[in-house]
Amino acid sequence: MIYTVTFNPALDYVMNVSNLQTKDINRTESEQLYYGGKGINVSVILSRLGIENKALGFLAGFTGKYIEELLKKDNIKTDFVYLESGYTRINVKIRSQQEFDINAKGPEISQRDIDALFKKLDKLKSGDTLVLAGSVSRALPNDIYERILKKLNNKGIEFAVDATGDLLMNVLKYKPFLIKPNHLELGDIFSVEIKTIENIKIYSKMLQDMGAGNVLVSRGKDGAVLLDENGHFHTIGVVPGKIKRTVGCGDSMVAGFLAGCEKSRDYSYALRLASACSNATAFSESLATKDEIYKLLESEYLK
């Protein structure tokens with residue numbers, strides 16, 4: 001079983017405005033409401049690929065209940081901790097001549113809430129995979145990733161971590177199965193500018209020497225580079241097409257890689273599936289569907 005954790009989920013309220021201006025009331029042409037959060041995105045793609053998983057994390061208030069309703073409609077298994085007060089945040093996305101994103105900070109989280117999450121994590125057993133993805137809200141201790149991996153270490157659980165800076169570096173000693181920085185984040189870690197694949201190889205190897213198993217570096221329009229746990233490098237490009245969104249592409253890549261590994265430890269295939277998931281989400285208005293993913297998987301560009 002794969003478990004994902006989303007510490008600060010959101011409802012993303014997307015408003016499309018033809019001509020945003022400040023002199024009068026703006027009226028939308030259309031609106032959409034989506035669930036959001038990196039761990040949740042991973043769960044959605046895993047479920048669409050037929051991989052058993054469960055979404056954990058924190059929810060609060062009527063907005064939290066609505067997120068869970070939406071997830072259950074999409075057949076996503078959940079086991080969230082419900083906070084005693086506050087409500088899950090709503091992020092406002094305005095799409096007009098320019099794009100404006102206004103992200104709320106989210107509810108307060110008490111030590112009791114953290115303890116309740118840890119109690120759920122105690123249920124994980126050998127052979128399970130835990131996905132920790134995204135930044136940590138100000139309501140949580142900044143070492144929460146490290147605490148979780150320390151607690152579950154040596155239990156036969158594999159960890160996938162999609163984070164940056166100290167959140168990532170402080171968990172390498174627990175030998176995560178997968179980490180997925182993008183090329184900019186990789187450069188930030190070592191205070192360098194990543195310009196070439198050779199640069200990526202050098203610094204990926206440094207992360208692996210520090211404890212990481214598989215190091216998957218996404219490169220946006222230039223594809224991705226994987227250093228697998230056996231020390232072999234793999235590179236892949238992208239499928240040409242019209243980009244409709246970038247949100248969720250990295251999460252889709254994580255899900256695709258883990259789904260590929262669930263089927264076999266053929267890392268070339270896992271990278272291809274990861275890239276197909278990421279590309280398909282980029283070409284979609286929302287997270288990619290199974291049909292969209294497998295159509296791209298057959299593309300000559302991902303061979």
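Disulfides, then. Counting a disulfide as a pair of cysteine sulfur atoms within 2.5 Å, the total here is zero. Cys249 takes part in none, and the nearest cysteine sulfur to it, that of Cys277, is 11 Å away. From the side of Cys277, the closest cysteine sulfur is the one in Cys249, and at 11 Å that is too far for a bond.

A word on the source. This is a predicted model, in which local features need pLDDT of at least 70 and side-chain atom pairs count only at pLDDT 80 or more, while totals for chains, interfaces and linings use all residues. Residues are numbered from 1 along each chain as its sequence is written, and side-chain values use heavy atoms, with hydrogens and water left out.

Back to the two cysteines. Are they buried or exposed? Buried is under 20% relative accessible area, exposed is over 50%, and partly exposed is in between, with a 1.4 Å probe and protein chains only. Cys249 has 11% relative accessibility and so counts as buried. Cys277 is buried at 0%. Across the protein chain, 52% of the 303 residues are buried.

Next, the overall fold. The protein chain has 10 helices and 13 strands; these are DSSP runs, H or I of at least four residues for helices and E of at least two for strands, numbered from the N terminus. The radius of gyration is 19 Å, close to the 19 Å from the globule rule for 303 residues, so the chain is as compact as a globular protein of that length. That radius is taken over C-alpha atoms, and the rule is 2.2 Å times the number of residues to the power 0.38. The C-alpha trace spans about 60 × 45 × 40 Å along its principal axes. With contact meaning heavy atoms within 4.5 Å, 64% of the contacts between residues at least 6 apart in sequence join residues at least 24 apart.

Just after H1, Gly50 takes a positive phi of about 80°.

A cavity is a set of points on a 1 Å grid over the protein atoms alone where a 1.4 Å probe fits but cannot get out, and lining residues have an atom within 4 Å of a point. The whole structure holds one cavity of 30 Å³ or more. The largest cavity has about 50 Å³ of space, the volume being what is filled by probe spheres set on the points, joined across faces, edges and corners. Its lining includes Phe7, Phe58, Thr88 and Ser137.

Note on methods: 1 Å grid on protein atoms, 1.4 Å probe; cavity = no way out; pocket = protein on both sides within 12 Å on 5 of 7 lines; lining within 4 Å.
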